[in-house]
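Please look through the sequence and the structure shown below before reading on. The report that follows takes up the nonpolar core, then the surroundings of the ligands, and lastly a few residues in loops.

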Amino acid sequence: MTIDENGNLVEYKNCDSCTLCCKILKIDSLQKPPYEWCKHCTPGTGCNNYQDRPDDCKNFACFWLYRRELDTEWKPARSKVVLYWHRDGFLIADFDPAHKHLIRQPTYERLFKNLCGMLEPECRCITIHCGKAMYVYASSKFFELGNTRYSHQVEFNFSPFLRDIVDVRLVPISPSSP
Ligand code: SF4
Ligand code: SF4
């Protein structure tokens, strides 16, 4: 069973044997770097430390889990991408670097377009991460931002009335940023 973003029970989806977030995410409390399997994970099976897993793990639910619009094709174990909210309020699509080639496939472009349609106008874009690489999908186009993920943050220029993101710009992350 899973809980959606509004606290409602969504019973028809669950993680089962997915485990992809246990590879993709950085988990500070476990000193686990991104894109490496957690030492407690049996990939494709589950967590060997489930009862004592940290709050970071207990509190995480990927976007796929609680959106009815995303069918089994987009389950992370199958699609190789974990979708989640960033603290700045934008949706992240975090790809397994072993499958980086998927990012520009037409099926994934359709996914990004559909995801944008589910979002509020002021955050209608997808920030795509894959290792150090970063892209933005917005207003039906890709912005390729190179290996800037850990050195820069993205700022957006909107058209009037937040109809479209017309441009993105990279701003260096200050060493003192959290
Ligand atoms: S990526 Fe999503 S579906 Fe997969 S294990 Fe993590 S929370 Fe569950
Ligand atoms: S502690 Fe368990 S749930 Fe958390 S990342 Fe490791 S394997 Fe996954």
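In this predicted model, the largest nonpolar core has 34 residues, and those that touch the most other members are I126, I128, V136 and Y137. Several elements each supply at least two residues of this core, namely the helices α1, α3 (63-66) and α5 (106-118) together with the strands β5 (81-85), β6 (91-95), β7 (125-130) and β8. Among these contributors β8 gives the most, with five residues. The core also draws on two domains, since at least three of its residues come from domain 1 (1-59) and at least three from domain 2 (80-178). In soluble globular proteins, nonpolar side chains tend to be buried together.

Which residues does Y137 touch, if those up to four places away in sequence are not counted? They are F112, C125, I126, I128 and F142, and two of these, I126 and I128, are named with Y137 among the core residues that touch the most other members.

Two ligands can next be described by the residues around them. The shell around ligand 1 consists of C15, C18, T19, L20, C21, A61, C62, W64, L65, P76 and V82, and by class it divides into ten nonpolar residues, one polar residue and no charged residue. Around ligand 2 lie C22, I27, C38, H40, C41, C47, N49, R53 and C57, a shell with six nonpolar, two polar and one charged residues.

| Residue | Loop | Other C-beta atoms within 10 Å |
|---|---|---|
| D16 | between β2 (9-10) and α1 (21-24) | 11 |
| Q31 | between α1 and β3 (41-42) | 8 |
| S139 | between β8 (133-138) and β9 (141-144) | 16 |

Is D16 buried or exposed? Because D16 has 11 C-beta neighbours inside 10 Å, it counts as exposed, the cut-off for this class being 12 or fewer. Although D16 and T45 are 29 residues apart in sequence, their C-alpha atoms are 7.8 Å apart in space.

Q31 is likewise exposed, because 8 other C-beta atoms lie within 10 Å, whereas S139 is partly exposed because its count is 16. The phi of Q31 is positive, near 50 degrees, in a residue other than glycine, and S139, which is not a glycine either, has a positive phi of about 50 degrees.

Key:
Residues are numbered from 1 along each chain as its sequence is written. Chains are lettered from A and ligands numbered from 1 in the order in which they are written. This is a predicted model: local features need pLDDT of at least 70, side-chain atom pairs count only at pLDDT 80 or more; totals for chains, interfaces and linings use all residues. Helices (H or I, at least four residues) and strands (E, at least two) are DSSP runs, numbered from the N terminus. A residue is buried if 20 or more other C-beta atoms lie within 10 Å of its own, exposed if 12 or fewer, and partly exposed in between; C-beta atoms are placed from the backbone. A residue is near a molecule or strand if its C-beta atom, placed from the backbone, lies within 6 Å of it. Ala, Val, Leu, Ile, Met, Phe, Trp, Tyr, Cys and Pro count as nonpolar, Asp, Glu, Lys and Arg as charged, and the others, Gly among them, as polar. A nonpolar core is a set of buried Ala, Val, Leu, Ile, Met, Phe, Trp, Tyr and Cys residues joined through C-beta atoms within 7 Å. Domain bounds come from an automatic or database domain assignment. Two residues are in contact if their C-beta atoms, placed from the backbone, lie within 7 Å.
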